[in-house]
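Please look over the model below before reading on. My notes follow it.

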There are 2 protein chains.
Amino acid sequence: MNEKIRWLRNKIKSLNLDAMIVSNPINIKYLTGIEAEGILILARKENFFITDGRYVESVNSLLTIEDEIIVENIQSLSKEDGENIFLFCENVGFEENYVTYAKYKEYMYKYKINNLVETEMLIEKQRAIKDNEEINYITKACNITDDCFEYLLNYIKIGMTEKQIAGAVERFFRINGADGLAFDTIVASGSNSSMPHAIPTDKKIEFGDVITIDMGCKYKGYCSDMTRTIFVGEIKEEVKTIYNLVLKNQKQTLKEMREGIVCKNITKMVVNDFEINGYDLIHGLGHSLGLEIHEIPNLGTKSEVILKPNMIITDEPGIYIAGKFGIRIEDTVIIGKSTGIPLTKSNKEITIIKGE
Amino acid sequence: MNEKIRWLRNKIKSLNLDAMIVSNPINIKYLTGIEAEGILILARKENFFITDGRYVESVNSLLTIEDEIIVENIQSLSKEDGENIFLFCENVGFEENYVTYAKYKEYMYKYKINNLVETEMLIEKQRAIKDNEEINYITKACNITDDCFEYLLNYIKIGMTEKQIAGAVERFFRINGADGLAFDTIVASGSNSSMPHAIPTDKKIEFGDVITIDMGCKYKGYCSDMTRTIFVGEIKEEVKTIYNLVLKNQKQTLKEMREGIVCKNITKMVVNDFEINGYDLIHGLGHSLGLEIHEIPNLGTKSEVILKPNMIITDEPGIYIAGKFGIRIEDTVIIGKSTGIPLTKSNKEITIIKGE
């Protein structure tokens with residue numbers, strides 16, 4: 001049995017649970033390395049992975065005897081077999097934030113479970129603190145992202161469409177060793193940049209455009225996330241003022257992302273500084289990332305979570321002037337003892353490209 | 001109010017529901033065109049889309065007064081406002097197959113709902129029958145996929161890796177007008193092809209390899225899905241026999257995919273023919289597709305669904321010899337009055353490429 005499953009078995013014991021059903025595929029991947037449809041069950045003595053005919057071979061070829069996971073094909077599992085898995089298990093943990101209401105009812109019936117108990121993001125909370133291997137993978141994904149940004153500074157030309165630039169990001173990631181995208185790349189130019197979650201369009205890059213590029217790749221399944229806002233040909237005074245305000249807060253946040261700080265306190269600092277200057281922070285200041293692009297904890301105004309070393313969180317303040325433009329600057333940051341350490345390291349001072 | 005929302009309002013009335021919460025973002029996109037985090041509520045008189053600060057501007061810019069949808073920012077919605085939405089609504093429908101157990105409890109509390117009622121894939125069932133616009137989009141996605149296959153026949157060379165070929169598929173889709181991938185492309189060569197859901201590896205293409213390519217793109221949000229199994233340099237007799245068995249069943253299935261046929265009957269036909277020859281059908285014979293790559297109904301051995309014109313379903317029998325090779329042939333098919341009509345039209349007779 002690996003360390004992570006051992007940890008979970010101890011954890012559920014301490015919560016007075018006799019067993020646990022893990023349904024979230026990302027949590028299953030985290031615990032076992034398995035990437036297949038199915039559920040992982042930690043029962044009284046044994047661990048099971050219940051899957052179907054499509055995956056039995058590939059899962060069996062991934063696992064070794066040391067994993068101590070019994071792979072079962074759901075199609076050949078009788079109702080009696082199912083009920084036997086949870087024999088003498090009174091309290092069975094489940095993931096109430098992943099399992100649908102319909103599945104909840106199905107588990108109760110199919111496995112004859114008396115008491116399904118909510119486990120409150122048990123595994124997700126553990127995933128927040130990255131081990132060395134995970135840190136290495138995320139660092140590598142961040143390096144590829146930095147290289148991509150450098151590439152884009154020369155690549156982007158007036159007359160190209162936002163979609164074309166997004167396509168170039170994807171190609172760069174693929175060619176340079178990434179598994180793929182961590183999320184759909186955002187390339188938003190001109191007034192499109194005023195929407196934080198813009199989708200790349202056929203709009204062409206023009207002289208004077210603000211361009212927001214929000215991109216990230218995956219390396220061995222682990223994500224990076226970085227945003228830079230750059231300028232074509234010139235930058236207007238109004239825009240420059242806002243850029244510097246966002247940048248100041250981004251740097252201040254980075255310093256505060258250290259052991260012992262309560263998430264909401266960092267966020268409130270930025271919200272206050274924006275408000276003093278007449279602006280709102282309309283989205284979260286940052287989110288954890290790892291196997292998923294959005295993990296917990298967040299830098300939200302209500303988050304009581306205390307930062308711990310080796311959490312990895314984005315630092316991404318932004319200001320958006322509806323219909324005109326938006327500025328966002330974002331790094332992926334690892335929480336350190338005395339300060340946050342950025343894993344994305346691209347230049348974030350005002351950058352004006354010629355685009356010719 | 002558009003036709004689809006009008007349909008849903010009538011439908012819930014006929015089910016004695018006073019309101020409905022639509023949480024599945026694909027269903028929201030289908031009904032409204034909105035692509036943003038949030039929930040759609042059809043209340044007694046009005047329709048609401050409850051979202052957050054990140055999306056308010058983009059959703060408002062998409063909607064017109066004719067949509068009759070009120071956009072609310074959850075951050076400025078008091079508990080009282082929330083409760084007022086469902087005033088005089090006794091029975092409120094929800095999507096039990098999408099909504100998590102935790103969200104179910106949250107809806108009950110936040111909106112003070114007395115009775116949340118399961119709606120049994122109400123919207124998904126309606127989505128199964130495509131309208132003309134949807135058929136056009138899927139047809140276009142299928143055309144791009146056919147073109148990609150033709151391109152690959154010349155592109156694939158001995159010594160290339162599976163990952164390289166998967167990358168070429170992605171590039172081709174992008175360049176040729178697709179929005180992106182419908183699902184992660186499968187390129188599985190040699191013994192890797194024996195796993196129906198193989199992930200492309202760094203294995204290089206060799207003389208004598210079987211290569212299974214399962215790919216699809218999206219056009220205006222709508223998916224295509226096609227698999228072809230091709231051969232490099234030669235095909236062994238054992239493989240040829242199995243290929244012809246799969247192809248025979250794929251063509252027979254295509255004929256049977258017509259109005260009035262019960263899904264399970266088609267599947268049983270293939271299962272029987274495979275069994276007579278000593279093989280198993282280890283995955284479903286086909287699945288519907290549209291905005292999602294897997295929709296309902298399926299061609300499963302238990303599916304009692306009766307096929308109707310303008311359903312769009314894949315036809316994808318496969319045989320897998322563990323550790324050796326696999327053969328799958330798949331088309332995207334539209335259900336017709338007297339026969340299925342393939343929307344992917346690439347050659348599916350035995351294809352041997354030189355790869356030189």
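1. **Ground rules.** This is a predicted model, in which local features need pLDDT of at least 70, side-chain atom pairs count only at pLDDT 80 or more, and totals for chains, interfaces and linings use all residues. Residues are numbered from 1 along each chain as its sequence is written, chains are lettered from A and ligands numbered from 1 in the order in which they are written, and side-chain values use heavy atoms, with hydrogens and water left out.

2. **Chain A overall.** Chain A has 10 helices and 20 strands. Here helices (H or I, at least four residues) and strands (E, at least two) are DSSP runs, numbered from the N terminus. The C-alpha atoms of chain A fill a box of roughly 70 × 40 × 35 Å along the principal axes. Of its 356 residues, 55% are buried. Buried means under 20% relative accessible area (1.4 Å probe, protein chains only).

3. **Strand β15 of chain A.** This strand covers residues 312-315. I312(A) and T314(A) point one way, I313(A) and D315(A) the other. All four are buried. In general, side chains in a regular strand alternate between the two faces of the sheet. β15(A) pairs with β18(A) (residues 331-335) in the antiparallel sense, over 4 bridges. Two strands pair if DSSP finds at least two bridges between them. I313(A) stands opposite V333(A).

4. **A sheet in chain B.** Which order do the 6 strands of this open sheet take? The order is β4-β3-β2-β1-β5-β6, with mixed pairing. β4 (69-73) and β6 (115-118) are the edge strands, each pairing on one side only. The twist averages 25 degrees from one strand to the next. Axes are lines fitted to C-alpha atoms, for helices over the stretch in contact, and angles run from 0 to 180 degrees between N-to-C directions.

5. **Inside that sheet.** β1(B) (residues 19-22) and β5(B) (residues 91-94) run parallel, joined by 2 bridges. A19(B) has V92(B) as its bridge partner. Helix α5 of chain B (residues 101-110) packs on the sheet, touching β1, β2, β5 and β6. Contact means heavy atoms within 4.5 Å.

6. **Nonpolar cores.** A nonpolar core is a set of buried Ala, Val, Leu, Ile, Met, Phe, Trp, Tyr and Cys residues joined through side-chain atoms within 4.5 Å. The largest has 62 residues. L8(B) and M215(B) are among those with the most contacts inside it. Helix α7(B) (residues 132-155) gives the largest share, 10 residues. A second, separate core of 61 residues includes L42(A) and M226(A).

Note on methods
Buried < 20%, exposed > 50% of the residue type's maximum accessible area, 1.4 Å probe, protein only.
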